[in-house]
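Keep the sequence and the 3D view open side by side.

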Amino acid sequence: MEKVIDVHPDNLATKRPSSYRTAKTWQIGAFALNNTATNIFMFLMTFVSYYATGIVGLGTVLVSTLITGSRLWDGITDPIVGLWIDKTDGKLGKFRPFMLAGYVVMTITVLLMFFTNHLVPQNIRLIYFVLLYAIYIVGYTFQTACTKSGQTVLTNDPNQRPLFSTFDLSYTSLFFAGAAIYISNYLEPKHGGFNIDFFSEFVLTVVLAAGLLTLLATIGIWKHDKTENFGTGGKQEKIGLKDMFAILKGNRPLQMLIIAAATDKLALTVANNSIVMVLLFGVVIGDYGLYGQMSAYTMIPSLLIIQVGTRYARKLGSKQALVVSTWACIIVYSALFVLLWLGDPSTISFSNMSFMTIAFLVLFILGNGVRTVAGGIVIPMIPDITDYETYKTGRYAPGVMGTIFSFVDKMISSFGQTIIGITLAWVGFTEVFPTTDTPVTEGLFWVTMLLFIGLLIVAWTASLIAMRFYELDSARMAEIQEVLQERKNAEQ
């Protein structure tokens with residue numbers, strides 16, 4: 001019978017079990033940049049629809065369907081990469097080779113895609129686009145899989161693991177705020193639209209920035225990426241394809257987190273899409289430049305909300321933080337919908353600080369902050385699930401665990417672009433997507449509300465239901481780590 005340790009959450013901050021392995025704060029902060037590096041590439045690819053339709057010459061529904069198919073391919077590659085990671089243990093460790101290889105593959109493919117796709121013969125442009133996108137996804141999977149699985153070697157302390165989210169969410173908030181300003185207030189006005197010059201500068205900036213962050217992330221995990229930190233530190237059980245199905249079937253916390261995160265990811269993929277931002281700010285509000293300005297205004301408040309949310313997670317656990325932040329999301333975005341529905345969005349302007357402008361600013365800031373916390377707190381919950389699997393079955397499979405999670409997550413969220421394409425086609429946009437010059441109609445308003453708010457509220461409701469069946473709170477994780485340490489000591 002396993003030893004059960006009675007550790008109350010309130011005592012975790014002052015009484016740290018000896019079984020906990022910790023990392024230096026700067027190492028966690030540096031490794032979190034790995035997710036920022038891949039977010040930079042992801043942000044670039046949210047604009048690929050404009051490149052594919054406006055420059056390469058592919059149709060909107062076709063491009064949306066292709067991107068959905070590529071996301072399915074993304075999900076399929078996850079388990080393969082996860083198995084590969086779990087079988088790797090060389091001089092560069094388990095995770096560093098995949099982080100570096102992922103960056104190299106993504107860099108080569110995006111350079112070829114955005115600089116040459118429109119130059120190849122018309123009859124092979126579609127095939128060329130699909131091929132490059134498929135290879136890009138393999139590189140993306142290499143690097144993103146390490147973000148989820150690499151945390152297991154950095155620290156196993158439930159008090160310290162949420163610190164990853166503190167850094168990650170802060171970086172994410174700063175990045176997307178800065179990226180919005182960069183696109184809407186600098187790059188798009190400079191080049192007069194989403195043309196070839198726009199994408200040329202955009203791509204080169206992405207490649208350079210992501211390269212620097214990947215290097216820093218690799219340095220952060222360097223000293224921890226070694227055999228003694230893999231599971232119980234001894235010889236690892238070989239993980240095969242059949243084990244993946246056994247893990248998914250037998251790990252209830254994994255199942256519940258997948259439901260919570262995958263539904264959120266689908267809704268966030270839609271809400272954060274560049275097309276939806278054009279709809280909200282460029283069409284409904286009528287001022288796309290406000291998008292960048294709003295991002296600047298939300299930056300500092302979002303960082304403060306993130307600090308409060310992740311501090312709460314470190315004190316009482318990630319599960320509780322996810323539940324509280326999800327409720328906050330539902331309340332704030334419901335209020336935002338009522339404001340846009342009953343008010344006049346066209347009056348929102350920083351040159352007109354009316355009630356409408358102030359209310360929108362406050363709700364947008366609060367909403368951006370709490371949804372960032374709710375989405376980001378999931379990542380440090382994945383190593384908890386990995387440790388739970390080791391505790392329950394003896395299998396240490398961080399790569400497989402992270403990529404099982406990603407596989408289902410991506411399979412569901414892959415429909416985001418298709419949802420946007422079909423919804424807009426339903427109101428008449430079958431050849432091109434709406435732009436900042438498109439006049440607002442009642443149909444476009446309701447489509448925008450559905451894509452930006454409606455899907456999110458449905459997803460957050462699903463998350464709250466799933467968390468009722470998720471057992472890994474701080475007290476339970478303390479019990480698990482104590483048992484794992486006893487096993488490690490027995491093997492030495």
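Ser325 touches Val370, Val373 and Ala374, leaving aside residues up to four places away in sequence; contact here means heavy atoms within 4.5 Å. Ser325 belongs to helix H14, which covers residues 318–342. Helices are DSSP runs (H or I, at least four residues), numbered from the N terminus. Ser325 has a relative accessibility of 7%, so it counts as buried. Buried means under 20% relative accessible area, exposed means over 50%, and partly exposed lies in between, with a 1.4 Å probe and protein chains only.

Two points on the source apply throughout: this is a predicted model, local features need pLDDT of at least 70, side-chain atom pairs count only at pLDDT 80 or more, and totals for chains, interfaces and linings use all residues. Residues are numbered from 1 along each chain as its sequence is written, and side-chain values use heavy atoms, with hydrogens and water left out.

Stay in helix H14, where Cys329 also sits. Cys329 is buried, at a relative accessible area of 0%. Which residues does Cys329 touch, not counting those up to four places away in sequence? They are Val370, Arg371, Ala374 and Trp460. Take Ala374 from that set: Cys329 and Ala374 are 45 residues apart in sequence, yet 7.9 Å apart in space, C-alpha to C-alpha.

Now look at the core. The largest nonpolar core has 147 residues. Such a core is a set of buried Ala, Val, Leu, Ile, Met, Phe, Trp, Tyr and Cys residues joined through side-chain atoms within 4.5 Å. The residues with the most contacts inside this core are Phe114, Phe202, Phe281, Phe360 and Phe452. Helix H19 (residues 442–467) gives the largest share of the core, 13 residues. In soluble globular proteins, nonpolar side chains tend to be buried together.

Take Phe452 as an example. Beyond residues up to four places away in sequence, Phe452 touches Ala271, Val276, Met277, Leu280, Tyr333, Leu336, Phe364 and Arg371. Arg371 is also among the contacts of Cys329.

Next come the rings. The structure has 38 aromatic pairs. Rings of Phe, Tyr and Trp (its six-membered ring) pair if their centres lie within 6.5 Å; planes under 30 degrees apart count as stacked, over 60 as edge-to-face and the rest as tilted. Phe281 and Phe360 form an edge-to-face pair, 6.3 Å centre to centre with 75° between the planes. Phe281 lies in helix H12 (residues 274–285) and Phe360 in helix H15 (residues 355–376), so this pair ties together parts that are 79 residues apart in sequence. Phe281 is buried at 0% relative accessibility. Phe360 is buried too, with a relative accessible area of 1%.

One ring meets a charge. The charged end of Arg96 sits over the ring of Trp222, 4.3 Å from its centre. The rule asks for NZ of Lys or CZ of Arg within 6 Å of the ring centre and within 35 degrees of the ring normal.

Turn to charged pairs. How many salt bridges does a search of the whole structure find? There are four. Each needs a side-chain nitrogen of Lys or Arg within 4 Å of a carboxyl oxygen of Asp or Glu. Glu201 bridges to Lys190, the closest N and O atoms being 3.0 Å apart. This pair links distant parts of the chain: Glu201 is in helix H9 (residues 196–221) and Lys190 in helix H8 (residues 161–191), 11 residues apart. Lys190 is partly exposed, at 48% relative accessibility.

Glu471, Arg476 and Glu479 are linked in a network of salt bridges. Glu471 to Arg476 has its closest N and O atoms 2.9 Å apart. For Arg476 to Glu479 the value is 3.0 Å. Arg476 and Glu479 both lie in helix H20 (residues 474–491), three residues apart, about one turn of the helix. Both Arg476 and Glu479 are buried, whereas Glu471 is partly exposed at 34% relative accessibility.

In H16 (residues 381–393), 11 of the 13 residues are buried. H16 reaches 18 Å from its first C-alpha to its last, close to the 18 Å expected at 1.5 Å a residue; the expected span is 1.5 Å times one less than the number of residues. Just after H16, Gly394 takes a positive phi of about 90°. In H3 (residues 48–56), seven of the nine residues are buried, including Tyr50 and Tyr51. Just after H3, Gly57 takes a positive phi of about 100°.

How values were computed: Helix = DSSP H or I, 4+ residues; strand = E, 2+ residues; numbered from the N terminus.
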